[in-house]
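Subject: Structure for your files

Hello,

Here is the structure I said I would pass on. My notes come after it.

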Amino acid sequence: MLRTMLQAKLHCVRVSEADLHYEGSCGIDEALLDLSGLLENQYIEIYNVTNGERFATYVIKAPRGSGTISLNGAAARKAMVGDRLIIAAYSQYSEAELKSYEPIVVLVDEHNHARLKGKAAASTPLAD
């Protein structure tokens with residue numbers, strides 16, 4: 001049996017850009033992609049903490065270190081610049097894989113730069 005579980009999440013990132021007239025997607029700072037293990041073109045679900053909207057799209061890379069979280073195309077209608085989001089990806093795991101399974105959780109500061117990475121219950125500070 002395969003179970004669908006949280007692979008990774010970026011917790012409480014802030015929308016920095018919204019462009020209705022760009023091909024749909026979510027731009028994410030490449031440094032956050034590396035920390036979370038999210039890949040370009042990967043399916044993601046987005047939960048808008050500010051207004052309660054929930055929607056799905058896919059990842060595109062934004063410049064490393066930019067702090068960019070951009071919503072493009074139809075997704076730009078689901079949030080405004082400054083809104084807080086949870087960006088989550090899910091994967092399927094076998095029963096054997098679940099024995100060592102731990103999702104990756106990245107917490108950010110007010111500029112969308114990572115400040116903690118780890119499990120939801122036990123995050124550790126990142127070095128400056």
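Predicted model: local features only at pLDDT ≥ 70, side-chain atom pairs only at ≥ 80, totals over all residues.

Overall fold

The protein contains two helices and 10 strands. In sequence order, these elements run β-β-β-α-β-β-β-β-α-β-β-β. The radius of gyration is 14 Å, close to the 14 Å that the globule rule gives for 128 residues, so the protein is as compact as a globular protein of that length. Along the principal axes, the C-alpha atoms fill a box of roughly 45 × 35 × 25 Å.

Of the 128 residues, 40% count as buried. Taking contacts between residues at least 6 apart in sequence, 75% join residues at least 24 apart. The accessible surface comes to about 7100 Å², and carbon and sulfur atoms account for 52% of it. As for charge, there are 13 positive and 16 negative side chains, and the centres of the two sets lie 6 Å apart.

Cysteines

How many disulfides does a search of the whole structure find? The search finds zero. Cys12 is in no disulfide, and the nearest cysteine sulfur, that of Cys26, is 14 Å away. Because a disulfide needs the two sulfur atoms within 2.5 Å, the 14 Å between the sulfur of Cys26 and that of Cys12 is too far for a bond.

Two asparagines with positive phi

Most residues other than glycine have a negative phi. Asn41 is not a glycine, yet has a positive phi of about 75°. Asn41 sits in the loop between α1 (30–36) and β4 (43–48). Asn112, also not a glycine, has a positive phi of about 65°, and is placed in the loop between β8 (104–108) and β9 (114–119).

Are these asparagines buried or exposed? Asn41 is exposed, with a relative accessible area of 55%, while Asn112 is buried, with a relative accessible area of 3%.

Val13 and its contacts

Asn112 turns up again among the contacts of Val13. Val13 belongs to strand β1 (residues 2–14) and is buried, at 0% relative accessibility. Apart from neighbours within four places in sequence, Val13 is in contact with Ile69, Asp83, Arg84, Leu85, Ile87, Val108 and Asn112. Val13 and Gly67 are 54 residues apart in sequence, and their C-alpha atoms are 9.0 Å apart in space.

Where does Gly65 lie? Gly65 is in the loop between β5 (54–62) and β6 (69–72). With 46% relative accessibility, Gly65 counts as partly exposed. Leaving out neighbours within four places in sequence, Gly65 is in contact with Asp29, Ala31 and His113. For Gly65 and Asp29, the separation is 36 residues in sequence and 6.3 Å in space, C-alpha to C-alpha.

Regards

Terms used. Residues numbered from 1 in each chain as written. Heavy atoms only, no water. Helix = DSSP H or I, 4+ residues; strand = E, 2+ residues; numbered from the N terminus. Rg over C-alpha atoms; globule rule 2.2 N^0.38 Å. Buried < 20%, exposed > 50% of the residue type's maximum accessible area, 1.4 Å probe, protein only. Contact = heavy atoms within 4.5 Å. Areas by Shrake-Rupley, 256 points an atom, 1.4 Å probe, with all protein chains shown as cover. Lys, Arg positive; Asp, Glu negative; His and termini not counted. Charge placed at Lys NZ, Arg CZ, Asp CG, Glu CD.
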